[in-house]
Amino acid sequence: MRLPLGQLVEVDGHNMSVYMEGAGDTTLVFLSGGGTCSPILDFRSLYSLLSNQYQIAVVEKFGYGFSDAVDKDRDIASILADTRTALAAAGLNPPYVLCPHSMSGLEALYWAQKYPDEVSAIIGLDMAVPEYYDRMSINIPLIRIAGWAANIGVTRFIPGISNSDAIKYGTLSEEEKEIYRAIFYHRTATVTMINEVERVKENAEKVNGMGVPQLPMLLFISDGSGGTGFDQEAWRKIPIEYISQVDEGEYVELNCPHYVHDYEYKTISERIRAFLLER
């Protein structure tokens, strides 16, 4: 692959990628959804609108982006330990405002439960809450086939497969789009991603058993399209019920697919600024 867009730090004997830009007293930490091959570029349309006021950090978990693909257990405690170590190695210190997309919502909630002093707020970008996984059917054999196809190069011959929402709807430059496509062929259904999916229901149960953390929380909720497997009513009902249990909780419904930050980045950036200004 090309040279890393961010910096590589050592975590448990392997390289993890952490991208930083901007400055400010508040650090926004972006955590990608499951299977997002290039988190740094996936979030770029959004965080580029925020880095003039905030310190931005994008952590690429093992198996994602420029981080090493590592065959290791992906229980929620291990995932969080890696993220915290990577941020510290990059020179960043808590408290953080966590900005998780999709499956990383579990990590963000667990972080707030386990280390409440390290998390000042959670801004969910159509983030997962535990109840989703009670209803979700996960086809591990199909995911393994996708990983096999990527490993032998079959995906290179499928027209348009590497054109993510970030490429089609975001503000990436032509060079960044090419980098995204290059990363895609190396980071599709990696062994680390598969291990993560295999543990996700168990991880959701653990997070659910620890209760709902009480801290400022803003959820951006999509219409459920874009691969969630839920219809709009069901997709929106679950997080709205969850946020109703948070004293300082707010939500915004968006009429766009699951990768909300690639579609409504202007609206989201404005609401994030307003939300944090109130705190």
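S102 counts as buried, because its relative accessibility is 15% and the cut-off for buried is under 20%. The model is predicted. S102 sits in the loop that links β5 to α4. Its backbone stands out too. Phi of S102 is near 50°, a positive value, and the residue is not a glycine. Most residues other than glycine have a negative phi.

D126 counts as buried because its relative accessibility is 2%.

Another backbone feature involves two prolines. P94 and P95 are joined by a cis peptide bond, with omega at about 10°. Most peptide bonds are trans. P95 belongs to the loop between α3 and β5 (96-100).

Helix α3 covers residues 76-89. Helix α4 covers residues 104-114. The axes of α3 and α4 come within 10 Å and cross at roughly 80°. The two helices are therefore roughly perpendicular to each other. On the α3 side, the residues that meet α4 are I76, A77, I79, L80, T83, R84 and L87. On the α4 side they are L106, E107, Y110 and W111.

Helix α3 also packs against α9 (residues 191-209). Here the angle is about 95°, and the axes lie 9 Å apart. So α3 and α9 are roughly perpendicular to each other. From α3, the contacts come from I76, A77 and I79. From α9, they come from E196, N203, K206 and V207.

Now turn to a buried charge. D42 lies in helix α1 (residues 39-42). Which side chain of opposite charge is nearest to D42? It is R44, at 11 Å. A salt bridge needs a side-chain nitrogen of Lys or Arg within 4 Å of a carboxyl oxygen, so D42 has none. Yet D42 is buried.

What does the side chain of D42 make a polar contact with? The partner is the side chain of H261, at 2.6 Å. Setting aside neighbours within four places in sequence, D42 touches T36, A166, Y180, Y259, H261 and D262. D262 is therefore one of the residues in contact with D42, with heavy atoms within 4.5 Å.

How values were computed: Residues are numbered from 1 along each chain as its sequence is written. This is a predicted model: local features need pLDDT of at least 70, side-chain atom pairs count only at pLDDT 80 or more; totals for chains, interfaces and linings use all residues. Side-chain values use heavy atoms; hydrogens and water are left out. Helices (H or I, at least four residues) and strands (E, at least two) are DSSP runs, numbered from the N terminus. Buried means under 20% relative accessible area, exposed over 50%, partly exposed in between (1.4 Å probe, protein chains only). Lys and Arg count as positive and Asp and Glu as negative; His and the chain ends are not counted. A polar contact is a pair of N or O atoms within 3.5 Å; within protein, one must be able to donate a hydrogen and the other to accept it, and residues adjacent in sequence count only if both atoms are side-chain atoms. Axes are lines fitted to C-alpha atoms, for helices over the stretch in contact, and angles run from 0 to 180 degrees between N-to-C directions. Angles under 35 degrees count as roughly parallel, over 145 as roughly antiparallel, 65 to 115 as roughly perpendicular and the rest as oblique.
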